[in-house]
Amino acid sequence: MKVHEYQAKDILEEYGVAMQPGEVASTVAEAVEVARTMVPVHGELFVVKAQIHAGGRGKGGGVKLARGLDEVADVAGKILGMNLITHQTGPEGQLVRRVLVAPAVNIAKEYYIGVTLDRARSQHVVMASTEGGVEIEKVAAETPDKILKVWADQGLGLQGFQARQLAYGLGFEGKTARQAANFISALFAAYMGVDASLAEINPLVLTKGGRVVAIDAKLNLDDNALYRHKDLAALRDLHEEDPLEVEAHVSNLNYVKLDGNVGCMVNGAGLAMATMDIIKLAGGNPANFLDVGGTASAETVEAGFRIILKDSNVQAVLVNIFGGIVRCDRVARGVVEAARNVGIRVPLIVRLQGTNAVEGQRVLNESGIALESAVLFEQAADKVRLALAA
């Protein structure tokens, strides 16, 4: 789960991470009032930042400097309500409903700090770079030698000497090196404390006054751990998520919208990935990832169909179910019932394998529903290929 920048800053501050002060506003009047209560650090300059779940806001016109309250009002008025398009939003953009207002910082140098899971090592990794303000993917591709990394022991966590190693590696000295090391330690503690999958500060800055402080923050939370953080789960902003993914979440379905032409409904993440592969091999492109879970019922199957068919790009639907915990005949009856209720108007291919697969095939074949049934992966791929060619 993603949270907004202002929410990430509030969370990180609770763990002692040094942050640029700022407050969120949803109207121009609120933005001006926020600025009025702040003491400008650098002249009369304020920064007004669009709050959406996407990077590249500055390039898209969503981050502006404002000198004085009149300019704060003018800039906030232009950003609030705009459809902000960045490389992460796609061409459709994202509506800006809130802005973060903060006093501008007199920057001497910018850095990057990030914490995430290194799946290859099964360890948490802290990354640091002197190339702050630049997308870390670009740094990794063009100048990988400028990325410093340390890996935290699973039992001991990030050690003090590792934080100091990064601080000195970034070129900090004396008091600023101690500030940077403390900052890195606090960021790692926050990352672990909230069960984050990513904690990223870009940029971390050294001010001309000698302070080490974050002026931006990104925090992604592990959905699987949100049951331990009810207060953080409440921060979810459904406006920032795909409507179909929100609907799937309400129905307890694991759904991710893609840009293909074949909808797929599967039980189990591994089988879902394999199904997406056979769709590609058949000459199509998966329109979604949809895992209905191990106990697929008529209700969940119907909800899945409704969500898949709301995507206008879908030209065919492939249902691929392995009957392990759930019986294939039960799934087949659920598919038939759901197909009748929904009214599917694109080719439907159903592959059932596992417990009571033969009975499931019989239910499908005798249903009178316009569908193609398959037993083998190859058969399912062939039927998808024919459906797309028709």
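Start in helix α1 and select glutamate 5 and lysine 9: being four residues apart in that helix, the two are separated by about one helical turn. Helices here are DSSP runs of H or I with at least four residues, strands are E runs of at least two, and both are numbered from the N terminus. Before going on, note that this is a predicted model, where local features need pLDDT of at least 70 and side-chain atom pairs count only at pLDDT 80 or more, while totals for chains, interfaces and linings use all residues. Residues are numbered from 1 along each chain as its sequence is written, and side-chain values use heavy atoms, with hydrogens and water left out.

**Stop 1: helix α1**

Keep that pair on screen. Glutamate 5 forms a salt bridge with lysine 9, and their closest N and O atoms are 3.1 Å apart. (A salt bridge here is a side-chain nitrogen of Lys or Arg within 4 Å of a carboxyl oxygen of Asp or Glu.) Are these two buried or exposed? Glutamate 5 is buried, with a relative accessible area of 4%, and lysine 9 is buried too, at 5%. Buried means under 20% relative accessible area, exposed means over 50%, and partly exposed is in between, using a 1.4 Å probe and protein chains only.

Now colour the whole helix. Seven of the nine residues of α1 are buried, so it is mostly covered. Those buried residues are Glu5, Tyr6, Gln7, Ala8, Lys9, Ile11 and Leu12.

Glutamate 13 also has its place in α1, which spans residues 5–13. Glutamate 13 counts as partly exposed, at 43% relative accessibility.

**Stop 2: helices α11 and α12**

Jump to glutamate 359 and show its side chain. Glutamate 359 and arginine 333 meet in a salt bridge, at 3.7 Å from N to O. Glutamate 359 lies in helix α12 and arginine 333 in helix α11 (residues 328–342), so the pair ties together parts that are 26 residues apart in sequence.

Glutamate 359 also meets arginine 362 in a salt bridge, this one at 2.5 Å from N to O. Those two are three residues apart in α12, separated by about one helical turn.

Arginine 333 is partly exposed at 41%, and arginine 362 is partly exposed at 36%.

Over the structure, the count comes to 19 salt bridges.

**Stop 3**

Select residues 288–291, which make up strand β15. Which way do its side chains point? Asn288 and Leu290 point one way, Phe289 and Asp291 point the other way, and all are buried. In a regular strand the side chains alternate between the two faces of the sheet.

Bring in strand β13 (residues 254–257), which runs antiparallel to β15 and is joined to it by four bridges. Two strands pair if DSSP finds at least two bridges between them. Look for lysine 257, which stands opposite asparagine 288 in β15.

**Stop 4**

Most residues other than glycine have a negative phi, and most peptide bonds are trans.

- Proline 203 lies in strand β10 (residues 196–207).
- Serine 122: phi is near 55°, a positive value in a residue other than glycine. Serine 122 lies in the loop between β7 (107–118) and β8 (123–129), and is partly exposed at 45% relative accessible area.
- Asparagine 356: phi is near 60°, again positive in a residue other than glycine. Find asparagine 356 in the loop between β17 (348–354) and α12 (357–365); it is partly exposed at 35%.

**Last stop: zoom out**

Show the whole protein chain, with its 13 helices and 18 strands. The C-alpha trace spans about 80 × 50 × 40 Å along its principal axes. Of the 390 residues in the chain, 50% are buried.
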